[in-house]
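I opened this structure to learn my way around it. These are my notes in the order I took them.

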Amino acid sequence: MPKMLSKVLKSLITKPATVRYPYVKPEPVPGTRGKITFDMKKCDLCQDCERVCPSLAIKIFPDEKRIEYSPFRCLYCHLCVESCMQMAIIPDVVVGAPAFEKVMDIFKTERR
Ligand code: SF4
Ligand code: SF4
């Protein structure tokens, strides 16, 4: 009992071993693969990223000049980032947060 009491008292005055997630968000480790966004000023709608995506998270509609990206299907593998010759896919280190609805991210371009 005294041994346990000393451990309890020690834990009260020392720093916690874990962070208070989700109230305190931990800093992402540099190099973490997270969500992607599209720079539609650079994108030429070539569909290379759509072809390499293993989870079918990207859909390109060249006629409508539109890209649909589903963060809920995305595996964060960043194969699309590596495949884009135009460097139009911007990788982030933050992964998507859980949500009640599976909302698609829509990107449009005015490029011809
Ligand atoms: S993001 Fe890159 S790979 Fe994807 S359609 Fe645009 S230019 Fe092609
Ligand atoms: S990171 Fe991987 S899974 Fe996500 S859209 Fe790109 S290729 Fe697809």
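The entries below go from the whole chain to single residues.

**Entry 1: the whole chain.** I noted at the start that this is a predicted model. I listed the secondary structure and got three helices and five strands. Reading along the sequence, I wrote the pattern down as α-β-α-β-β-α-β-β.

I then looked up the overall dimensions. The C-alpha trace spans about 75 × 30 × 25 Å along its principal axes. Buried residues make up 13% of the 112 residues. I also checked contacts with a separation of 6 or more, and 71% of them join residues 24 or more positions apart.

**Entry 2: helix 1.** I asked what span helix 1 should have and what span it does have. This helix covers residues 2-13, and at 1.5 Å a residue its twelve residues should span 16 Å. Its end C-alpha atoms are 17 Å apart, which agrees. I then counted its buried residues: the number is zero out of twelve, so helix 1 lies largely in the open.

**Entry 3: the core.** I looked for the largest nonpolar core and found one of 15 residues. Inside this core, C49, I58, C80 and I89 have the most contacts. The elements giving two or more residues to the core are strand 1, strand 2 (58-61) and strand 3 (66-69).

I followed C49 further. Apart from neighbours within four places in sequence, C49 is in contact with I58, C80, S83, C84 and I89.

**Entry 4: the two ligands.** Which residues come nearest to ligand 1? I found C43, C46, D48, C49 and C84, out of 14 residues around ligand 1. By class, the shell of ligand 1 has nine nonpolar, three polar and two charged residues.

For ligand 2 I also counted 14 surrounding residues, and the closest are C53, A57, C74, C77 and C80. The shell of ligand 2 has twelve nonpolar and two polar residues, with no charged ones.

**Entry 5: two leucines with positive phi.** I wrote down a reminder first: most residues other than glycine have a negative phi. L45 is not a glycine, yet its phi is positive, at about 60°. I placed L45 in the loop between strand 1 and helix 2. L45 has 19 C-beta neighbours inside 10 Å and therefore counts as partly exposed; a buried residue needs 20 or more.

L56 also has a positive phi, of about 55°. I found L56 in the loop between helix 2 and strand 2. Is L56 buried or exposed? It counts as exposed, because it has 10 C-beta neighbours inside 10 Å.

**Entry 6: D39.** I ended with D39, which is in the loop between strand 1 (36-38) and helix 2 (48-52). D39 has 14 C-beta neighbours inside 10 Å and so counts as partly exposed. Leaving aside neighbours within four places in sequence, I found D39 in contact with A88 and I90. I also looked up D39 and T109, which are 70 residues apart along the chain. Their C-alpha atoms are separated by 9.0 Å.

Definitions and conventions. Residues numbered from 1 in each chain as written. Chains lettered and ligands numbered in written order. Predicted model: local features only at pLDDT ≥ 70, side-chain atom pairs only at ≥ 80, totals over all residues. Helix = DSSP H or I, 4+ residues; strand = E, 2+ residues; numbered from the N terminus. Expected span 1.5 Å × (residues − 1). Contact = placed C-beta atoms within 7 Å. Near = placed C-beta within 6 Å. Nonpolar A, V, L, I, M, F, W, Y, C, P; charged D, E, K, R; others polar. Core = buried A, V, L, I, M, F, W, Y, C linked by C-beta atoms within 7 Å.
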